[in-house]
Amino acid sequence: MRLPPPDVIGQVTLEKAIKSRRTIRSFASNPIPLKSFTQILWAAQGIIESGGFRRSVPSGGALYPIDVYAVVGEGGVQEIESGVYHYEPRTHEITLVKEGDFRRELAKAALGQMWMAGAPVTLIVTAEYKRSSSKYGERGVRYSMIEAGHVGQNIFLQAEALGLGAGIVGAFHDQEVIWVAKLSQGHEPLLIMPVGFRN
Ligand SMILES: Cc1cc2nc3c(=O)[nH]c(=O)nc-3n(C[C@H](O)[C@H](O)[C@H](O)COP(=O)(O)O)c2cc1C
C-alpha cells in the first residue's frame, strides 16, 4: 500500500517536542490518522533526499541495517486493516506481513506488559546485523544498536510533534516477538514502541 507523502513542516517546535517527550504507557483508543502513522514511519526510516537513498537517521557506512514493522490493532489506524506491516523506505509503502490484531500476543511476548496492548499501533524496530557487519565485522552489531536508538528518538519526537505519545520497550523474548510479528529471517527485534493518543 502506497502511503501519503510526508510533511516537512509541522506545528510543534523541536524544542517543545524534546521537552514534552515521555515514555507513555496509557493510550486513548482513538485511531491514529493515516497521515500521522505515515509521518512516524517516515521519521523512523524514510528517505529524505529526492532521488537518493539516505534516510531520516544516520547509518554507519550508509548501510542501513534497520527495518521497521508496524503492529496495527483493530481500528488502530484510519483506513488500514489490523495486521503486521513492513515499511519499505525506498517506495514509501507498507506491505502486509500478517493479517489480524496481534497486540495482546506482542504484549505477552514483552514479559506480559499488557499496557502495550492498549496502544492502537506498535512499531518494532529490527536490525539485520549482516548488512553492517559485512563491512565492519563485530562492530556492525554495535553500530546497528546505536542506529536503532536514533530511530527510537525520531519516533518519540515525531509522535510528540503530532500530538501523540510513544512508549519504549526493551524487555521482551526475542524469539516470541519474531514469531508473533513474523519478522523476516535475520531481522532481530531491538525496540518495541507503542504509539497512540495520550489518555
Ligand atoms: C532501551 C530501553 C528499554 C526500555 N524498556 C522498557 C520496558 O520494557 N518497559 C517499560 O515500561 N519501559 C521501558 N523503558 C522506558 C524507561 O523506563 C523510561 O525511558 C525511563 O523510565 C525514563 O522515563 P521517560 O522516558 O518518560 O523520560 C525503556 C527505555 C529504554 C531506553
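Predicted model: local features only at pLDDT ≥ 70, side-chain atom pairs only at ≥ 80, totals over all residues.
**View 1. Q158, a buried residue of helix 5.** With 14% relative accessibility, Q158 falls under the 20% limit, so this residue counts as buried. Q158 belongs to helix 5, which covers residues 139-161. Setting aside neighbours within four places in sequence, Q158 touches Q39, I40 and A43. Which side chain makes a polar contact with the side chain of Q158? The partner is the side chain of Q39, at 3.5 Å.

View 2. Q39 sits in helix 2. Is Q39 buried or exposed? Q39 is buried, because its relative accessibility is 5%, and buried means under 20%. Leaving out neighbours within four places in sequence, the contacts of Q39 are P6, D7, Q158 and L162.

**View 3. Helix 2 and what covers it.** Step back to see the helix that holds Q39. Helix 2 runs over residues 34-45, 12 residues in total. From its first C-alpha to its last, helix 2 reaches 17 Å, close to the 16 Å expected at 1.5 Å a residue. Why is helix 2 described as largely enclosed by the rest of the structure? The reason is that 11 of its 12 residues are buried. Among these buried residues are L34, F37, I40, L41 and W42, and the list also includes the polar residues S36, T38 and Q45. The cover over the buried residues of helix 2 includes helix 5 along with strand 1 (66-72), strand 2 (83-88), strand 3 (93-99), strand 4 (121-127) and strand 6 (188-196).

View 4. Which residues are around the ligand? They are R21, R22, T23, R25, Q113, W115, I168, V169, G170 and A171. Sorted by class, this shell has four nonpolar, three polar and three charged residues. For a closer look, find R25, where a polar side-chain atom lies 2.7 Å from an oxygen atom of the ligand. Q113 also places a polar side-chain atom by the ligand, 2.8 Å from a nitrogen atom. A171 takes part through its backbone: an N or O atom there lies 3.2 Å from an oxygen atom of the ligand. Taken alone, the ligand exposes 620 Å², and the protein buries 55% of that area.

**View 5. L111 and G112, in the loop between helix 3 and strand 4.** This loop holds both L111 and G112. L111 is exposed, because its relative accessibility of 53% is over the 50% limit. Phi of L111 is near 55 degrees, a positive value in a residue other than glycine. Most residues other than glycine have a negative phi. How exposed is G112? At 39% relative accessibility, G112 counts as partly exposed. G112 and F172 are 60 residues apart in sequence, yet their C-alpha atoms are 8.7 Å apart in space.

**View 6. H92, in the loop between strand 2 and strand 3.** The last stop is another loop residue. H92 is placed between strand 2 and strand 3, and its phi is near 55 degrees, a positive value in a residue other than glycine. Is H92 buried or exposed? H92 counts as buried, because its relative accessibility is 13%.

Key:
Residues numbered from 1 in each chain as written. Heavy atoms only, no water. Helix = DSSP H or I, 4+ residues; strand = E, 2+ residues; numbered from the N terminus. Buried < 20%, exposed > 50% of the residue type's maximum accessible area, 1.4 Å probe, protein only. Contact = heavy atoms within 4.5 Å. Near = heavy atom within 4 Å. Polar contact = N/O pair within 3.5 Å; in protein donor to acceptor, adjacent residues only side chain to side chain. Areas by Shrake-Rupley, 256 points an atom, 1.4 Å probe, with all protein chains shown as cover. Expected span 1.5 Å × (residues − 1).
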